[in-house]
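Visitor: I am new to this structure, and I would like to be walked through some of its parts, please.

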Amino acid sequence: MDQYKEMEKYLYEYRKNRKADKKDSLDNNKAGLLLIQYFKKVLETLIQRQMVNQKIGKQDKIKYLVFQRLLSSGYTGSYEISIGMSNAKLYLDEQIVYEYWKPDFFYEDIDKAMEEVKKILGKKYVRIEEYELMRLKQQLLLDDWNLFVEILKRGAQKISQSVIESDLILEDEVQVLYGNYMDKLHIAYKIRTCIEEENNG
């Protein structure tokens, strides 16, 4: 086993405890609700842009609301999330509008966490390479992303009304998706945008 893999195993408990503590902190400080409020602000911008596109005939019915993790942002330190809105042709660039958003308070502890990682590793390892620290940082950021997704899944219903009550032309179902940029996307929530008429026979 190479040294990085050993380090990864060595930090398992720290990562688990950090994520649990961060989840508790977000819940106790109502930061999760704040995150949903930010979602709504970004969503309003996307709605307005797509309404203009629909009005001039450049957009069809809206089908997807997409939250994507930008892997490069962990290396650049921007920590941005891409939020997009699209019709059914999700992967055609001209059919989707994006906003890039950094939830500052969500990632504000990453430097402090990395200092703690160095401290823990220093008890066992004499030499730690920069590339090893960078890879471990990506693991912490992945933990943060997974926590972000948990909040998104819980809060998606709260943002669904903003979509339903907008003047956008929508598909019968709008899917809230999440995943890494240019990777497989997963469904966080399905927004039913129409009320099916009751069948009276």
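Predicted model: local features only at pLDDT ≥ 70, side-chain atom pairs only at ≥ 80, totals over all residues.

Visitor: Which hand does the crossing of α1 and α7 have?
Guide: The two helices in question are α1, residues 3-10, and α7, residues 130-164, whose axes come within 11 Å. By the clockwise sense of the term, the crossing of α1 and α7 is right-handed.

Visitor: How are α1 and α7 oriented to each other?
Guide: Their axes cross at roughly 40°, and an angle under 35 degrees would count as roughly parallel, while 65 to 115 would count as roughly perpendicular. The helices α1 and α7 are therefore oblique to each other.

Visitor: How many charged residues are in the contact of α1 with α7?
Guide: On the side of α1, Gln 3, Tyr 4, Met 7 and Glu 8 take part, and they meet Glu 132, Arg 135, Leu 136 and Gln 139 of α7. Divided by kind, the residues of this contact are 3 nonpolar, 2 polar and, as for the charged ones, 3.

Visitor: Which residue of β2 stands opposite Leu 65?
Guide: Strand β1, residues 62-69, is mostly covered, with 8 of its 8 residues buried. It runs parallel to β4, residues 170-180, joined by 7 bridges, and there Leu 65 stands opposite Val 176. With β2, residues 81-86, strand β1 pairs in the antiparallel sense over 6 bridges. In β2, the residue opposite Leu 65 is Met 85.

Notes: Residues numbered from 1 in each chain as written. Heavy atoms only, no water. Buried < 20%, exposed > 50% of the residue type's maximum accessible area, 1.4 Å probe, protein only. Helix = DSSP H or I, 4+ residues; strand = E, 2+ residues; numbered from the N terminus. Pairing = 2+ DSSP bridges. Axes fitted to C-alpha atoms, helices over the stretch in contact; angles between N-to-C directions. Parallel < 35°, antiparallel > 145°, perpendicular 65-115°, else oblique. Contact = heavy atoms within 4.5 Å. Nonpolar A, V, L, I, M, F, W, Y, C, P; charged D, E, K, R; others polar.
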